[in-house]
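Please look at the sequence and the model before reading on.

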Protein chains: 2
Amino acid sequence: MNSKYISLYGDIIAKIEEGTFPVNAKLPSESSFMSEYGISRDTVRKALNLLEQNGYIHKIKGKGSFVLDINKFNFPVAGLISFKEMAEKLNLHSKTIIHTLELESPGSNMMKHLDLTNDKEIWKVFRIRQINGKKIILDKDYFNSELVPKLTKEICEDSIYRYIEGELGLQIGFSNKEITVEPCSEEDEQLLDMEDYDMVAVVRSTVHLMDGSLFQYSESRHRPDKFKFTDFARRTW
Amino acid sequence: MNSKYISLYGDIIAKIEEGTFPVNAKLPSESSFMSEYGISRDTVRKALNLLEQNGYIHKIKGKGSFVLDINKFNFPVAGLISFKEMAEKLNLHSKTIIHTLELESPGSNMMKHLDLTNDKEIWKVFRIRQINGKKIILDKDYFNSELVPKLTKEICEDSIYRYIEGELGLQIGFSNKEITVEPCSEEDEQLLDMEDYDMVAVVRSTVHLMDGSLFQYSESRHRPDKFKFTDFARRTW
DNA sequence: GAGTGGTCTAGACCACGTT
DNA sequence: ACGTGGTCTAGACCACTCA
């Protein structure tokens with residue numbers, strides 16, 4: 001199923017995580033991987049480049065590839081990952097409350113965010129994320145109903161992404177995120193446990209499938225003290 | 001000087017920006033670029049992959065490569081870019097006020113962030129960024145003095161990065177950022193025009209050179225209404 | 001000089017989308 | 001059937017680091 005370089009990529013991550021390749025250690029050279037896996041150099045290089053892009057290693061010409069301390073930088077919320085995936089990785093005691101789940105009739109003002117003409121319908125899903133008993137995050141998601149024809153309460157409580165990728169077989173491709181800090185709305189105050197905070201961190205994003213079609217617009221509103229976003233960036237020219 | 005694929009990468013960006021390759025248009029195929037530039041397919045693919053990584057295009061197997069609407073998503077503050085570079089691109093009327101510029105003696109509590117032993121010195125630079133007459137951002141930077149031996153007021157008012165990359169010839173490699181929202185400190189209130197806001201958006205980052213050495217730790221504190229962070233992410237496996 | 005990663009080539013086969 | 005991008009190979013030369 002998977003390509004050779006993805007397998008190697010996965011193997012190396014596993015070995016980094018289990019400590020076979022500890023932090024700051026030098027990874028085996030490209031030629032070692034070639035002979036160990038019986039693959040060509042280019043294939044090894046593809047795997048190593050992926051690792052580098054995602055912040056697992058860095059490579060130094062003439063010296064080798066070295067394991068970076070990825071834990072130092074907490075958790076890569078930066079990538080494309082759902083609340084469910086994150087909660088599982090971090091072992092959070094979390095709960096999702098479905099607040100709204102409806103097919104919004106044509107003409108809603110969300111149409112423009114999904115680049116849809118006005119005769120189309122949109123799934124509107126509002127979910128409240130509870131962590132350690134406190135309502136911390138309000139997720140407002142809008143889906144193109146032509147791509148996601150059916151949504152149920154069960155799907156929304158589990159993971160919409162798992163459903164979309166698993167059941168529907170759609171391939172998530174890329175997203176754009178924008179993070180701002182805004183005064184909290186009446187809605188935020190009603191639905192979240194805001195305590196004394198009067199602002200929220202807002203992550204707005206559009207998510208596209210591999211073929212480029214826009215299928216989701218979402219707004220994720222976080223109580224500020226519980227919000228953290230981490231990002232790994234490389235200088236590219 | 002530059003490699004072939006970087007040249008092609010730059011050429012294509014230029015053509016996207018000037019409109020020769022408009023948004024949503026199909027880019028010429030890989031084989032067109034091969035014959036046009038007289039280079040091999042792999043070299044073309046390297047350029048296209050870079051464009052894809054950086055959100056300029058997306059590729060669809062069997063169809064082609066298409067120009068994404070990069071402007072839709074504002075400005076890629078996500079990458080590694082300095083305030084000066086950003087202000088220039090956005091044509092902001094900005095000003096930098098140097099608040100602190102000193103060589104901090106050994107034993108400061110910033111040592112740990114720079115992974116330095118206690119006998120080393122650190123450059124400490126506090127700058128206030130003013131936009132349209134308002135003090136909006138407080139940048140607190142700490143540099144490893146072994147890598148950046150000398151800093152002057154002039155350098156800090158212009159661009160430290162320009163100095164480091166241009167004069168010192170160091171190569172910025174990668175960084176980790178972490179964004180949080182925090183109550184504003186006394187210092188924030190004194191140095192910034194906070195108006196009625198009582199929180200700040202804080203971007204903490206470590207910046208490494210190409211060889212992996214850690215040379216900067218910084219904390220950038222923004223008035224919340226003027227803060228925006230954008231990010232382009234791909235789902236990688 | 002030996003070992004390492006960086007660039008580049010030429011050619012192969014595959015999977016996908018369109019016609 | 002044809003054109004597209006995705007994967008993979010084998011081999012070449014270069015630049016850099018280190019003993």
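## Terms and basis

A polar contact is a pair of N or O atoms within 3.5 Å; within protein, one atom must be able to donate a hydrogen and the other to accept it, and residues adjacent in sequence count only if both atoms are side-chain atoms.

The model is predicted: local features need pLDDT of at least 70, side-chain atom pairs count only at pLDDT 80 or more, and totals for chains, interfaces and linings use all residues. Residues are numbered from 1 along each chain as its sequence is written, chains are lettered from A and ligands numbered from 1 in the order in which they are written, and side-chain values use heavy atoms, with hydrogens and water left out.

A residue is near a strand if one of its heavy atoms lies within 4 Å of it. Around DNA strand C there are 25 residues, of which A:Arg41, A:Arg45, B:Lys4, B:Ser40 and B:Thr43 come nearest.

Helices (H or I, at least four residues) and strands (E, at least two) are DSSP runs, numbered from the N terminus. Helix 3 of chain B gives the most to this surface, with 4 residues.

## Surface near DNA strand D

Which residues come nearest to DNA strand D? Of the 25 residues around it, they are A:Lys4, A:Ser40, A:Thr43, B:Arg41 and B:Arg45. The side chain of B:Arg41 has an N or O atom 2.7 Å from a base nitrogen of DNA strand D. Phosphate oxygens of DNA strand D lie 2.9 Å from a polar side-chain atom of B:Arg45 and 2.9 Å from a backbone N or O atom of B:Glu30.

The largest share of this surface, 4 residues, comes from helix 3 of chain A. By class, the surface has 3 nonpolar, 10 polar and 12 charged residues; Ala, Val, Leu, Ile, Met, Phe, Trp, Tyr, Cys and Pro count as nonpolar, Asp, Glu, Lys and Arg as charged, and the others, Gly among them, as polar.
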